[in-house]
Amino acid sequence: MAEIWEITPGRSRSVSPENFTGAKGAGGMATEGTGAPASRELGRGWKVSPSIELAAGTTATLAEVAGPGVIQHIWLTTDRRNLRGLVLRMYWDDSPEPSVAVPLGDFFCSGWPGELALLGSEMIVVAPAGGLNSYWPMPFRSRARITLESTLDYGVMVYYQVSYVLRDVPDSAGYLHASWRRANPLGDPAVHTLLDTGAGQADVAAAATTGSGVAGRYVGTYMAIEPGDAGWWGEGELKFYLDGDGEFPTICGTGTEDYFGGAWNFDLAGRYVPYATARLGLPQVLPPDRIYQPYQRFGMYRWHTADPICFDRDLRVTVQALGWQSGGRYLPLTRADIATTAYWYQARPRAVAAPAASQLVTAPQVVPVGPSTVATGLRARIQSLLTRKPWRR
């Protein structure tokens, strides 16, 4: 992070429905807009255009600005009934394909439709009652374009502001990328791939001779999971395969809750304990008063801002979905619904796959019938002891 007191060259700009171009001295000039009826007695300059209307099945360009520069902050809010039904895309320089293509909710750590995961982290902040904030720095050299697509069958209002600084971008700066993948059900083997930058592609071969183009830094993970089986579900390891790794990775974690900074099944006294910190957290447990139910839903994040994972040619990231079964044996969670967003910087823009329309649809949650965990705490605690890691009893 730059020292805030250091006076460096740069011109601050911002795109919003009150200034679609970000031009100097052009804010609040609208005479028509979604706020025009409310401001009819006040006139120009009085919140005439605070938002846009995004019609069903359409795509809006939220911002398109010329560089060089760095996007510093994005704030957005809209109808939160189905944030997974809106797709956020970002294009850098002259690339015709997006380097970011993620459902809006998942980009902001709120993957489950109708449910916000309130959190105050270093890179993503979700504030009451639906304020979505990104602080990922996004350098661009010639152009930046941000779009929002609706796959919904109804229109929504979108309020947003994209703040950026026009400044020189160093040669060493990479471009932000974010990719979303979902498997429902996960299937056999119960291994989910978060990211595969494509070892063996032509650009990798070119990098072997030029020494540039595909090097990058993996900087963040968001994961939403519904385990599909009862019991503890987070034994699976996160694995990072770097620069030509074969069957075995260079970096291998010890369990899902361990990777996200937790421990001991995320539970205390027979119930899950959500948390959110600057760099990692489990902000979402749905419903919050249950434990070890097959159709509970969870959301968790980890930012590698202090410990980025560096690669020179290629990177593959996977997670196992793993629980417990009788006899102290692991249980592959083949029925799991798992969706992940991988965030990384790379030396040049590369295309990421667009989310499939069929994958954006999420069935209503199956809420367990019966008394809450509070009323059955003893039974839940016994189940916790029986299903947790045997060497941790």
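Predicted model: local features only at pLDDT ≥ 70, side-chain atom pairs only at ≥ 80, totals over all residues.
Residues are numbered from 1 along each chain as its sequence is written, and side-chain values use heavy atoms, with hydrogens and water left out.

The chain contains four helices and 27 strands, both taken as DSSP runs numbered from the N terminus (helices: H or I, at least four residues; strands: E, at least two). Of its 393 residues, 52% are buried, that is, under 20% relative accessible area with a 1.4 Å probe and protein chains only. Among contacts (heavy atoms within 4.5 Å) between residues at least 6 apart in sequence, 75% join residues at least 24 apart.

Strand E13 (residues 175-183) is largely enclosed by the rest of the structure, because eight of its nine residues are buried. Strand pairing requires at least two DSSP bridges; E13 is joined to strand E6 (residues 100-103) by two bridges in the parallel sense, with Val-100 opposite Ala-178, and to strand E27 (residues 337-346) by nine bridges in the antiparallel sense, with Tyr-175 opposite Gln-346.

An open antiparallel sheet is formed by four strands in the order E14-E24-E16-E17, its edge strands being E14 (191-196) and E17 (251-252), each of which pairs on one side only. Within this sheet, E16 (residues 238-242) and E24 (residues 315-320) pair over five bridges, Lys-239 having Thr-318 in E24 as its bridge partner.

Terms used
Buried < 20%, exposed > 50% of the residue type's maximum accessible area, 1.4 Å probe, protein only.
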